[in-house]
Structures are given as structure tokens and as C-alpha cells.
Amino acid sequence: MAVTVDEALLGLKVAFLVLLYLFVWLVVRSATRGLSAGAPQESIVIPAADAAALRAAAGISAARRVVVLQSPALQPGTAIELTNGAIVGRAVESTIRLDADTTVSSRHATIDSRIDGLWVEDAGSTNGTFVNGARVTSARLLQPGDVIRIGHTDLLVEGRA
């Protein structure tokens with residue numbers, strides 16, 4: 001008994017549809033696997049002012065100040081209060097100007113004071129920005145005690161009591 005071309009094509013179509021339905025079933029099963037594990041986790045979103053009040057009530061302070069540990073451009077021990085976005089670099093318009101540090105780019109990094117603390121972000125510098133020895137690749141929230149290294153300048157993040 002010989003199989004005709006039409007019968008062979010029909011068999012291939014049926015096999016393809018069976019494999020397609022199996023694939024869809026596996027995808028749906030994989031996507032829904034964790035849904036029946038238990039009650040969904042609840043989360044809430046509160047306004048920034050309320051979050052700040054809760055942190056203050058709990059005695060949690062956000063970092064708002066850096067102190068110069070070492071620098072060829074700034075006096076060690078100098079405290080720098082940060083109330084809004086600060087540009088760190090050698091450019092004239094920099095908030096924290098490190099013009100004596102030749103390894104610093106003109107616009108090296110930004111330190112932004114937000115409601116939840118200080119955030120540092122590299123601004124595409126040549127030599128990079130580091131926090132506690134780790135290179136900063138995206139915006140990073142700073143904690144009191146962190147050390148920011150920009151060129152040959154080390155800045156210690158302090159919290160406000």
C-alpha cells in the first residue's frame with residue numbers, strides 16, 4: 001500500500017498542529033504555575049511626604065551630605081550639603097568642582113538629593129564612578145557610610161540626624 005502525496009501532507013499538517021497545541025499548552029502552564037501558590041502579596045503606595053514622615057517617626061534619616069576624605073582638589077574634612085542635583089566634575093558649572101583632579105571628566109557624575117536620599121549616577125565619564133569600590137553603571141541609592149570615588153577624590157556619605 002503506497003502513501004500518496006496528499007496523505008503525507010495531511011499527516012504532516014496533523015503532526016504540526018499537535019506540536020503547536022502542545023507548545024501553547026506548555027507556555028500557558030508555565031505562565032500560570034505560580035498563580036495558585038497562595039494568596040497574592042499586597043502592596044501599597046504612599047505619597048512621598050507620608051513616606052518621609054514615617055521615616056522621621058522611625059528615626060530613619062536619608063543621606064544629604066558628603067564629607068571629603070581625600071582629594072587633590074578639595075580640603076579633606078570639608079562637608080558638602082546637597083539639597084538638589086549636584087554635578088561633579090572639572091567644568092566651571094559643576095556644583096562640586098574637582099578641577100585639580102586630572103582623572104575627572106568635565107561632567108563626571110551627578111549626585112541627586114531626593115526624598116529617599118542621595119542618588120549617584122555616572123555621567124558617561126572616561127574613568128568611571130565607584131561606590132565602595134564597585135563601578136556605578138546606573139543610578140544608585142547611597143547609604144550613610146558609603147564612599148564615592150571620583151577620580152582621586154573620595155567622598156564619604158553622611159546621614160542627617
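**Notebook: contacts, core and salt bridges**

I began with Ser 105, which touches Gly 89, Arg 90, Ser 125 and Thr 126 when residues up to four places away in sequence are not counted; contact means heavy atoms within 4.5 Å. This is a predicted model, in which local features need pLDDT of at least 70 and side-chain atom pairs count only at pLDDT 80 or more, while totals for chains, interfaces and linings use all residues. Residues are numbered from 1 along each chain as its sequence is written, and side-chain values use heavy atoms, with hydrogens and water left out.

**Ser 105.** I placed Ser 105 in the loop between strand E4 (96–97) and E5. Strands (E, at least two residues) and helices (H or I, at least four) are DSSP runs, numbered from the N terminus. Ser 105 counts as buried because its relative accessibility is 13%. The cut-offs are under 20% relative accessible area for buried, over 50% for exposed and partly exposed in between, with a 1.4 Å probe and protein chains only.

**Core.** I looked up the largest nonpolar core and found 20 residues, with Val 66, Leu 82, Ile 111 and Ile 148 having the most contacts inside it. Such a core is a set of buried Ala, Val, Leu, Ile, Met, Phe, Trp, Tyr and Cys residues joined through side-chain atoms within 4.5 Å. Strands that each supply at least two residues of this core include E1 (63–70), E3 (86–89), E5 (109–114) and E11 (153–159). I then listed the contacts of Ile 111 beyond four places in sequence; among them are Leu 82, Ala 86, Val 88, Ile 96, Trp 119 and Ile 148.

**Strand pairing.** I noted that E3 and E5 pair in the antiparallel sense over three bridges, where pairing requires that DSSP finds at least two bridges between two strands. Ala 86 has Ile 111 as its bridge partner in E5. E3 also pairs with E4, in the parallel sense and over two bridges. Here Val 88 has its bridge partner in E4, namely Ile 96.

**Salt bridges.** I found five in the structure; each is a side-chain nitrogen of Lys or Arg within 4 Å of a carboxyl oxygen of Asp or Glu. Asp 154 and Arg 149 form one, with the closest N and O atoms 2.6 Å apart. Asp 154 is buried because its relative accessibility is 11%, whereas Arg 149, at 30%, is partly exposed. For Asp 112 and Arg 114 I noted a closest N and O separation of 3.0 Å. Asp 99 and Arg 97 meet at 3.7 Å, N to O.

**Asn 132.** I recorded a positive phi of about 55° for Asn 132, which is not a glycine. Most residues other than glycine have a negative phi. Asn 132 sits in the loop between strand E7 (129–131) and strand E8 (134–135). Asn 132 counts as partly exposed because its relative accessible area is 46%.

Tyr 21 lies in helix H1 (residues 5–32). Tyr 21 counts as exposed because its relative accessibility is 61%.
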